[in-house]
Amino acid sequence: MRQRVLQATIITVLLAVLMLGIPLGYSWLQLNRQTLSNQANMILDQVRVDTETRLQEGGEIDEALLQRHVDAQTDLNVSVSVSYDGTEYTAGEPPGEGGVTTNTNGAFGQSVSVHIPESDVRAHTASAWVLIIVAGLAALSIGVSVALWQAQRISMPLARLSRRAEEMGSGRSRGLWHASGIAEIDDVAEELARSGAMLNERLEAESRLASDASHQLRTPLTALSMRLDEILAVSSEEWVREEARISLEQIDRLTEVVHDLINAPRSSQRRTPGVVELRSVLTQQSEEWSPAYRRAGRELRVQVPRSAAVWGSTGPLTQVVATLIENALAHGGGRTTVKVRRNDHSTVVEVSDEGAGIDAELGAQIFERSVSGRSSSGTGVGLALARTLVEDDGGRLELLIEQPATFGVFLISAPGDESGPGDDEDLRSGRPHRGGRETRPGRGGRAPRAGRADMSPSGVAGARSGGDDLDSLPQGSVVRRRPRSRG
């Protein structure tokens with residue numbers, strides 16, 4: 001700020017000096033030349049009068065008469081010449097080229113001439129130039145001094161105001177504002193103080209709301225978790241126990257989501273991404289969303305890579321994939337496909353369906369908050385939040401194709417076991433998997449679940465011996481992690 005004020009003032013003074021100094025200097029030079037001409041005319045008149053007086057008295061014109069006029073000029077080297085009756089009388093240095101020359105004729109027919117040499121004219125002109133340059137430099141120096149003072153006067157309050165705004169942003173305590181003498185800056189400081197007070201009040205209100213919401217959400221989740229633990233402990237039917245385990249894991253994830261959402265606004269640091277195995281995330285989502293797709297008479301196909309490690313956070317990445325699958329179920333049509341493409345540097349999770357797609361006008365704003373389709377009853381927050389969660393881990397979420405709708409989650413590949421081109425595994429819901437068999441409804445209208453790969457020694461051995469071949473599992477089944485122990 002100080003440099004800009006100083007630069008602007010110097011440029012203004014320099015322009016003023018040039019715009020005023022050049023015409024003034026030219027006028028001064030013309031005035032100086034006119035002064036020399038007037039002085040030459042005055043000498044001419046004196047010589048004419050003296051020669052006329054001498055001739056009127058009957059005397060003769062001589063060089064001594066003319067030399068007295070030459071000697072009387074202390075600051076000029078003039079030359080005087082008089083022509084009378086065919087004789088020319090001169091005094092002073094012989095006239096050269098240039099300079100100032102004046103002529104006149106006397107009453108007795110004498111011709112009088114006075115010449116000021118060019119050297120004297122140049123000497124007087126140079127002195128005028130020196131005065132002009134000195135005056136311009138003096139004006140420029142005064143302007144620079146005023147600019148330095150003004151820049152210091154303005155920049156110091158602005159620097160104080162900037163530090164005050166920084167303190168407000170960091171949440172540090174702020175002292176009283178001392179008036180700077182500049183009304184505009186003082187008004188901004190006062191308004192900034194009022195805005196800071198209002199912002200603190202709102203943040204405190206949001207913090208209280210977050211604490212209350214945390215308590216109100218965690219209490220029923222804890223009660224529900226305890227109830228499922230009880231069902232898991234007392235039930236003897238395997239399908240009930242498995243549903244209880246799935247519900248408990250979903251409750252754990254929901255608790256983590258609630259914790260992240262509550263603490264995200266108050267966190268001053270971004271989370272640190274770690275290595276996430278996409279296989280576990282996608283197989284988990286396949287199992288959770290398979291019942292909903294079966295009820296809707298649609299198919300969910302998840303192509304699970306045997307190994308696809310990426311940098312990210314498990315909870316937020318799970319939320320993002322769940323949001324895309326849910327949107328495909330609610331707003332799409334036909335089969336929903338989730339597949340993974342990766343190379344040494346990046347990994348892309350594509351979620352697509354066979355519905356009508358997204359309008360071209362809506363496609364450019366699909367990730368903005370409160371933006372949703374005309375026929376949608378949603379809030380328009382899901383995709384915006386999903387993009388934020390992905391970007392916080394260094395990735396990005398993009399709409400790849402509008403019709404049919406295809407979303408891509410771009411992530412950074414992490415070191416891990418490499419998968420070959422044909423190592424993807426397909427999980428399907430809505431109709432029997434290829435190579436599987438139809439399942440008949442069992443108790444309570446539920447399809448009996450086959451034993452999972454981690455639920456018995458034989459299941460684990462089968463999964464290992466088959467190289468995690470999921471083709472033998474029923475629809476919606478996935479290889480899950482070992483169930484946690486419950487008291």
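## Reading a predicted model, one feature at a time

Mentor: Leaving aside its neighbours within four places in sequence, Thr102 is in contact with Ser37, Ala40, Asn41, Leu44, Val112, Ser113 and Val114, where contact means heavy atoms within 4.5 Å. Before we go on, note that this is a predicted model, in which local features need pLDDT of at least 70 and side-chain atom pairs count only at pLDDT 80 or more, while totals for chains, interfaces and linings use all residues. Residues are numbered from 1 along each chain as its sequence is written, and side-chain values use heavy atoms, with hydrogens and water left out.

Trainee: Is Thr102 buried or exposed?

Mentor: The general idea is a scale of relative accessible area, found with a 1.4 Å probe and protein chains only: buried means under 20%, exposed over 50%, and partly exposed in between. Thr102 has a relative accessible area of 9%, so this residue counts as buried.

Trainee: In which strand does Thr102 lie, and which residue stands opposite Thr102?

Mentor: Helices (H or I, at least four residues) and strands (E, at least two) are DSSP runs, numbered from the N terminus. Thr102 lies in strand β3, residues 100-105. Two strands pair if DSSP finds at least two bridges between them, and here 6 bridges join β3 to the antiparallel strand β4, residues 111-116. In β4, the residue opposite Thr102 is Val114. The two strands form a hairpin with 5 residues between them, and Gly109 in that turn has a positive phi of about 85 degrees.

Trainee: Which residue has a positive phi although it is not a glycine?

Mentor: Most residues other than glycine have a negative phi, and most peptide bonds are trans. Asp85 has a positive phi of about 55 degrees and is not a glycine. Asp85 is found in the loop between β1 (79-84) and β2 (87-91), and with a relative accessible area of 70% Asp85 is exposed.

Trainee: Which peptide bond is cis?

Mentor: The bond from Gln403 to Pro404 is cis, with omega near -5 degrees. Pro404 is found in the loop between β10 (396-401) and β11. These two strands pair in the antiparallel sense over 5 bridges, and a hairpin joins β10 to β11 through 4 residues.

Trainee: Which residues of helix α2 are buried?

Mentor: In helix α2 (residues 63-71), the buried residues are Leu65, Leu66, His69 and Val70. They cover an arc of only 145 degrees around the axis, which puts them on the same side of α2; the arc is that of the directions from the helix axis to the C-beta atoms. On the other side of α2, Arg68 and Asp71 are exposed.

Trainee: How many aromatic pairs does a search of the whole structure find?

Mentor: Rings of Phe, Tyr and Trp (its six-membered ring) pair if their centres lie within 6.5 Å, and planes under 30 degrees apart count as stacked, over 60 as edge-to-face and the rest as tilted. The search finds 1 aromatic pair. Its members, Phe367 and Phe407, are edge-to-face, at 6.1 Å centre to centre and with 85 degrees between the planes. Phe367 lies in the loop between α8 (360-363) and α9 (382-392) and Phe407 in strand β11 (residues 406-413), so the pair ties together parts that are 40 residues apart in sequence. Phe367 counts as buried at 13% relative accessibility, and Phe407 counts as buried at 8%.

Trainee: Which residue lies over the face of Phe367?

Mentor: A charge sits over a ring if NZ of Lys or CZ of Arg is within 6 Å of the ring centre and within 35 degrees of the ring normal. Arg387 lies over the face of Phe367, at 4.0 Å from the ring centre. The charged end of Arg396 sits over the ring of Phe410, 4.1 Å from its centre.

Trainee: How many helices and strands are there in the protein?

Mentor: The protein has 10 helices and 12 strands, and buried residues make up 36% of its 487 residues.
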